[in-house]
Amino acid sequence: MLYGIAAATTALLLTAVLAAVLRAPALRLGLVDRRRQQRKVPLSGGVAVVLATCAVVATGEWTHLAPPGGGELLAAAAAVAALGLAADLWRVRARVLVVGTAVAAACVVPYKETGVAGGVLAVAWIAFVTLGFRALDHADGLAGTVGTVAAFGVGACAAAEVLDGLAVLLSVLAATLTGFLMHNWPPARAGLGSGGALFAGFLLAAAGVVARTGHEAASSAGVLFALNAVAVADVLLVVVSRRLAGRRGPDHLGHRLRRLGLTPQGTVVLLGLGAFAGVLVGVLEHLGWVGGTGALWVASGALVVVLALLRVKSSSAPRPESPQVRAQLRVRNG
């Protein structure tokens, strides 16, 4: 207990310091958020989260102060983070990220307990949630807030299964994301980037699968969905909206809520509360304190939110041309 508190405190402070110290090197290397046009936001936060998490957990295992377990997950997550860092620095195709994440997931799934079919589904789920969590990094403070809430929830599930090493790893992850939020709360001074987002998303997804190993498949699917409801809803919203519009655009949860008039801070708080509600239901269902209908309520709520936000007009929709512009185009085109 005391070690867990000390490790989490150290991880929080170390991440906050590293994110500040690495800002200048990140700017010099061009490690910045390429989606922003107004100002350069260095992605030192993601590097800080990965380094601090690995350093604290590795130190705990080296000194034998930390309970065993979680090292294999951390190594696979670090490999995924390296792939994400490459995507932050250079152009990397999305399929490369998908394949790399799936390979890493295949290395940590407990096939003896899940079986081959269950293992394949677990690999697909881990890859899906990992890439979905990367997509949450579209707004300042959002990925860090949702990730912190989810880390506490998955850590509670691991602790209930007496997976002490995994629980400590998740508490350290929650602490590093909290330290990162000190620099990423709107307006952000540091970003997470693909490296940090894939790292956090992979740990959350893989740890959830491990914590649910041995439980009934249908109930496990409900719990895992509830723990990651915001990320799943964001992916669903983007996929459906882009299919309907036939083009890409700013279609994520944060974008749609901002167009409804919410402030950046209000958007993060609202989605953070949504993540907390889903995580709470997931933890209670894992503990057996609520029935399987809890996850159904979370799924229904997420579906209602997605359908409601689909009615919000996309800012990337082409503006209607005025009669003068249409006349000029007819003259220009003969």
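How many nonpolar, polar and charged residues are in the lining of the second largest pocket? The model in view is a predicted one. In that model, the lining holds eight nonpolar, six polar and two charged residues.

## The second largest pocket

This pocket has a volume of about 420 Å³. Its lining is made up of 16 residues, and Gly-118, Ala-122, Ala-217, Ser-220 and Leu-224 are the closest to its centre. Two elements give two or more residues each to this lining: H6 and helix H10 (217-227).

H6 supplies the largest share of the lining, seven residues.

## The largest pocket

Now turn to the largest pocket. Its volume is about 1400 Å³. The lining counts 44 residues. Nearest the centre lie Arg-35, Arg-134, His-138, Arg-248 and His-252.

Which of the elements gives the most to the lining of the largest pocket? H11 does, with five residues.

Sorted by class, the lining of the largest pocket has 18 nonpolar residues. Another 15 are charged, and 11 are polar.

## Cavities

Rolling a probe the size of a water molecule over the atoms shows where empty space is left. How many cavities of 30 Å³ or more does a search of the whole structure find? The search finds three.

The largest cavity has a volume of about 60 Å³.

## Around the largest cavity

Which residues line the largest cavity? They are Tyr-3, Val-57, Glu-61, Ala-66, Pro-67, Gly-69, Gly-165, Val-168 and Leu-169. Two elements each give two or more residues to this lining: helix H3 (44-62) and helix H8 (164-184).

H8 provides the largest share, three residues. By class, the lining of the largest cavity divides into six nonpolar residues, two polar and one charged.

Terms used:
Residues are numbered from 1 along each chain as its sequence is written. This is a predicted model: local features need pLDDT of at least 70, side-chain atom pairs count only at pLDDT 80 or more; totals for chains, interfaces and linings use all residues. Side-chain values use heavy atoms; hydrogens and water are left out. On a 1 Å grid over the protein atoms alone, a cavity is a set of points where a 1.4 Å probe fits but cannot get out, and a pocket is an open set with protein on both sides within 12 Å along at least five of seven lines; lining residues have an atom within 4 Å of a point. Grid points are joined across faces, edges and corners, and a volume is the space filled by probe spheres set on the points. Helices (H or I, at least four residues) and strands (E, at least two) are DSSP runs, numbered from the N terminus. Ala, Val, Leu, Ile, Met, Phe, Trp, Tyr, Cys and Pro count as nonpolar, Asp, Glu, Lys and Arg as charged, and the others, Gly among them, as polar.
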